Amino acid sequence: MLLDVADFPRLQARLGFEASGVLLRSLSEHLSLALGDRGTVLRFGDASFCVLVRAIRNRGHAILAAERLARAIEQAMADVAIVTAPQINIGIALYPLQATDAQDLLRKAQLAAAAVHVRAARLQVFDDSCAEQVLKGWALGEAFAEALESGELQVFYQPKIRIADGRAVGVEALSRWLRDGKPVATPDVFIPLAEEAGLIRDATWYVLSNSLQQAALWDGLHVAVNITPGMLHHSDFVEMIRSAVSIWSAKSGGLTLEITEGALIADFDQAAARLARVRDLGVRISIDDFGTGYSSLSYFKKIPADELKIDKSFVMGMLTDEANQRLVQTIINLAHQFNLNVVAEGVENQASLDLLARMGCNYAQGYFFAPALNADQLSLWLKRNLA
Ligand code: C2E
Ligand code: CA
Ligand code: CA
């Protein structure tokens, strides 16, 4: 098995050399403990381990063993108190079933580990599709770079509604990658890809400039742009926001940045300082997918934010699940205690909207009002909304 810590250089940059060294040592110890006399652990490159596990009978058995090791690793990270666990990729190749010499065995485990990366899964046993997937992942990265140039990347807009009067107050910019009107890939796939391929700055700039330009035509509507962890920690982040605001003369409050909890706690002090700086430019900060991250309340109280977005999984589940409903109410109360606006995403029906109104939620977004629409479609939708 080849285990690697995804994105280790970035983790090292955030934690520092000493803490990341401690992490790797602790990882290796936990792996050895979990293996016992069933195998051997070797450091293999910067942040990879080669684990030889004896007496594996078949695929299923290998997966069970890998899962046990993955749990050991999670334990190791909890021990060194890392708030956001980095992703661990495990590629597996079976001897003598899939390779009969060390070179070939290693190569196949490596291909499997790379395929894990492309699929954003956790582990993968080598099979013939691995090489193909890895190549496809690379090809998609290149195609995305071209899409940015050719205009295949488009910005769609989903309205955000004030619950009190049903009026649209803003839009969330959501990227679509379309070729001949059909999606090439969904944002869940191409945004992480853009991060990996070093294209996140270009992609974010594209969305910022298009949406600020467009929003100027929709008088008074603010626009919200999603910011990935990689973008928030990019050396150019603050300058890029400053340029966008000044070039498109965005009014104070005209631009909101949506940032997930996970992006904040990776390097909390740097994130908080940067967000405070962009807030000084009149940009509002929204915490996206709130409730799904790992942040503790002691972090929460220090985040320079204006808005909380309740994750759609809670909102969509709240009509049928009492616990989800209580969570939604708790988040609304928490937001109000801290003078934050609160937005519910994933509002798909009237019953959810009514319940949110009773619970004191301020804003709502979801298919019940509109999905993400292109600029022309949204202009039409806005006319109807005003009427
Ligand atoms: P997100 O920021 O949480 O965006 C909300 C997602 O929920 C969007 O999916 C939206 O289309 C979908 N959605 C909205 N209303 C409903 C509803 O009522 N029910 C359900 N089931 N879903 C609803 P989408 O557009 O596929 O985007 C997925 C994720 O990709 C976004 O999650 C965001 O994290 C990311 N993303 C999309 N565009 C961009 C972008 O331009 N830049 C960055 N950095 N991330 C983006
Ligand atoms: Ca969002
Ligand atoms: Ca969200």
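Student: Which element gives the largest share of the shell around ligand 1?

Tutor: Good place to start, and note that this is a predicted model, where local features need pLDDT of at least 70, side-chain atom pairs count only at pLDDT 80 or more, and totals for chains, interfaces and linings use all residues. Side-chain values use heavy atoms, without hydrogens or water, residues are numbered from 1 along each chain as its sequence is written, and chains are lettered from A and ligands numbered from 1 in the order in which they are written. Helices (H or I, at least four residues) and strands (E, at least two) are DSSP runs, numbered from the N terminus. With 4 residues, the largest share comes from E7.

Student: How many charged residues does the shell around ligand 1 have?

Tutor: A residue is near a molecule if one of its heavy atoms lies within 4 Å of it. Ala, Val, Leu, Ile, Met, Phe, Trp, Tyr, Cys and Pro count as nonpolar, Asp, Glu, Lys and Arg as charged, and the others, Gly among them, as polar. By class there are 7 nonpolar and 6 polar residues, and the charged ones number 8.

Student: What distance separates a polar side-chain atom of Glu348 from a nitrogen atom of ligand 1?

Tutor: Here we look at pairs of N or O atoms within 3.5 Å. Lys312 places a polar side-chain atom 3.0 Å from an oxygen atom of ligand 1, and a polar backbone atom of Tyr367 is 2.7 Å from an oxygen atom of the ligand. For the Glu348 side chain and the ligand nitrogen, the distance is 2.5 Å.

Student: Which residue bridges the calcium ions, ligand 2 and ligand 3?

Tutor: Donors are N, O and S atoms within 2.8 Å of the metal (3.2 Å for Na, K and Ca), and sites may look incomplete because water is not among the atoms. Ligand 2 is coordinated by Glu172 (OE), Asn226 (OD1), Glu258 (OE) and Asp288 (OD), at 2.1 to 2.3 Å. The two calcium ions lie 4.2 Å apart, and the bridging residue is Asp288.

Student: Why does the pair Glu172 and Glu258 tie together separate parts of the sequence?

Tutor: Glu172 lies in strand E7, while Glu258 lies in strand E10 (residues 255-260), so the parts they join are apart in sequence by 86 residues.

Student: Which strands stand at the edges of the sheet, each with a single partner strand?

Tutor: Two strands pair if DSSP finds at least two bridges between them. The open sheet has 5 strands with mixed pairing, in the order E2-E3-E1-E4-E5. One side of each edge strand is left without a neighbour in the sheet, because each has a single partner: these are E2 (39-43) and E5 (123-125).

How values were computed:
Polar contact = N/O pair within 3.5 Å; in protein donor to acceptor, adjacent residues only side chain to side chain.
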